[in-house]
Amino acid sequence: MVSLVFTKPIARRLNFSRFTPNGFKLYSTKVSKPLRILFCGSDEFSIASLQAIHAAHQRNPDFIKSIDVFCRPGKRAGRSLKKIREVPIKAVAQELGLTLHERDTFTGWPLPKPENEPINLIVAVSFGLFVPVRILEAAEYGGLNVHPSLLPDYRGPAPLQRMLIKKSKGCGITLQTLHTKYFDHGKILAQQWFPLEPNIMTYQKLFDIVTPKAAKLLVDGLRSRLFVPPLEEDATWQHKLPEKLSHASKITPADKRIFWQMKSAATDIPARQRALGRLWTSVLINPDTPKRLVFEDSETVNRPTELIDRSPEKGKARTDLLLGIGSSVHFFVEDQELRQPVFYIEDGPAVIFRTPFKAIRVQRITIEGQGTKDASKAMASLRLEDAWRVRRLPRKGLPRTGLSGTCIFEALPKTTDVEGSGSKVASAEPPAARSLVEGSGEQLLEEIPSQEQSKEENVETK
């Protein structure tokens with residue numbers, strides 16, 4: 001204990017201290033030349049790291065001598081591409097008075113020599129461009145990167161969003177070297193792990209937690225000279241890795257689409273909304289006219305009685321409440337090929353949509369070409385143009401859909417012949433108590449549900 005009291009101040013003056021994710025302070029005898037850093041970045045995540053490095057530079061100019069910033073030039077955006085959208089880090093670099101380099105490529109670009117001294121360390125954070133071998137080899141200490149995941153899990157450009165979509169119960173931060181061939185494949189120099197509450201965590205909340213932690217991990221790694229050979233790999237938190245690693249691929253518009261027939265839709269939809277923001281689905285006004293709906297403020301709820309497909313009592317015919325569509329139960333059709341209806345009811349200003357298990361309550365909906373409305377008003381306006389009817393299909397012999405299993409409902413245009421019936425579905429609106437299943441010569445409503453379905457319904461009706 002006495003020796004620690006005397007050695008801590010000495011180590012602090014010599015910049016030998018190193019904080020591990022566990023909070024223990026270790027000491028290193030590594031030394032380095034004063035750092036001249038080329039910082040490559042773009043967004044708010046990288047801005048926090050740049051500001052942390054700049055603060056360290058101001059506190060100890062002999063430790064970090066200079067910082068140059070490399071970013072991509074602004075891109076044309078907006079209508080007619082008249083506006084230039086600058087990379088956020090540009091304004092911060094200018095505000096800090098740092099030398100700025102704006103390029104779309106490293107090709108033909110030599111490393112600068114601030115004060116006629118060579119750049120000796122590359123730091124790339126949320127950059128987006130691959131730093132070539134030529135640049136890394138020109139810097140004496142190579143390159144560093146801080147990545148918001150516990151690598152090698154969630155390699156890729158969107159780790160935080162993918163964690164939330166998959167409802168991960170933990171998040172990590174990794175300080176690694178820049179690999180000469182691949183993104184996120186460098187040597188792991190330091191890591192930190194912390195637990196998540198996936199059911200309440202949003203992307204913005206997680207971003208606000210991770211960003212300062214990542215900046216601190218980077219600066220602590222610089223102070224500990226982790227970039228000085230021989231490089232030591234940190235495996236402190238590797239036991240937290242899952243058996244199957246995930247890839248954090250780039251987020252696309254398809255990731256924001258709602259897939260109603262997925263078995264996990266009731267939990268997947270709110271998780272995606274927490275990760276990605278507003279989600280969208282399509283409504284077929286008629287077989288050839290889709291409209292896009294954007295959903296906001298969704299949550300998982302139990303199915304209300306109106307949306308439960310009841311099992312028959314022993315020895316009695318089936319009582320099919322779901323298809324007794326009238327003033328409360330409605331539906332829309334999304335997919336032009338599967339034509340599986342999505343049932344819903346109004347719940348005050350909100351709407352509750354049926355999914356394969358449980359249901360989703362949505363508060364606000366934006367219809368393509370219109371403003372945002374209460375969900376019930378938005379869906380009511382679409383029912384005025386409704387051109388569909390629904391029938392139940394027998395389970396036996398049906399192909400698997402690849403989403404929720406056997407398709408047991410089918411939506412048909414009002415004027416389409418029901419297969420096997422030889423008659424057209426009436427175009428007039430049926431009475432409130434009338435089922436929308438038209439006569440097809442089969443006893444579809446007396447079909448006995450599967451054991452799995454019966455078990456689910458028994459749970460919900462208790």
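A residue is called buried under 20% relative accessible area, exposed over 50% and partly exposed in between, with a 1.4 Å probe and protein chains only. The structure is a predicted model, in which local features need pLDDT of at least 70 and side-chain atom pairs count only at pLDDT 80 or more, while totals for chains, interfaces and linings use all residues. Residues are numbered from 1 along each chain as its sequence is written, and side-chain values use heavy atoms, with hydrogens and water left out.

A search of the whole structure for disulfides, defined as pairs of cysteine sulfur atoms within 2.5 Å, finds zero. Cys40 is in no disulfide, and the nearest cysteine sulfur, that of Cys71, is 9.5 Å away. Seen from Cys71, the closest cysteine sulfur is that of Cys40, and the distance of 9.5 Å is too far for a bond. Cys40 counts as buried because its relative accessibility is 0%. Cys71 is also at 0% relative accessibility and therefore counts as buried.

Helices (H or I, at least four residues) and strands (E, at least two) are DSSP runs, numbered from the N terminus. Two strands pair if DSSP finds at least two bridges between them. Seven strands form an open sheet of mixed pairing, in the order E7-E4-E3-E8-E9-E10-E11. Strand E7 (99–102) and strand E11 (188–195) stand at the edges with a single partner strand each, so one side of each has no neighbour in the sheet. From one strand to the next, the twist averages 20°, with axes taken as lines fitted to C-alpha atoms (for helices over the stretch in contact) and angles running from 0 to 180 degrees between N-to-C directions.

Strand E4 (residues 64–71) pairs with E7 in the parallel sense over four bridges, and Phe70 has His101 in E7 as its bridge partner. E8 and E9 likewise pair in the parallel sense, over three bridges. Ala124 stands opposite Asn145 in E9. In a regular strand the side chains alternate between the two faces of the sheet. In E9 both faces are covered, with Gly143, Asn145 and His147 buried on one side and Leu144 and Val146 buried on the other. Five of the five residues of E9 are thus buried.

Most residues other than glycine have a negative phi, and most peptide bonds are trans. Ser126, which is not a glycine, has a positive phi of about 45°. Ser126 is located in the loop between strand E8 (121–124) and helix H4 (133–138), and it counts as partly exposed because its relative accessibility is 28%. Lys358 also has a positive phi, near 65°. This residue is in the loop between strand E16 (350–354) and strand E17 (359–367), and its relative accessibility of 40% makes it partly exposed.

A cis peptide bond with omega of about 10° joins Leu151 and Pro152. Pro152 is in the loop between strand E9 (143–147) and helix H5 (159–165). Another cis peptide bond, with omega of about 0°, joins Pro229 and Pro230. Pro230 is in the loop between H6 and H7.

Arg225 is in the loop between helix H6 (203–223) and helix H7 (265–276). The side chain of Arg225 makes a polar contact with that of Ser32 at 3.3 Å. A polar contact is a pair of N or O atoms within 3.5 Å; within protein, one must be able to donate a hydrogen and the other to accept it, and residues adjacent in sequence count only if both atoms are side-chain atoms. Arg225 is buried yet has no salt bridge, a term for a side-chain nitrogen of Lys or Arg within 4 Å of a carboxyl oxygen of Asp or Glu. The nearest side chain of opposite charge, Asp62, is 9.8 Å away from Arg225, where Lys and Arg count as positive, Asp and Glu count as negative, and His and the chain ends are not counted.
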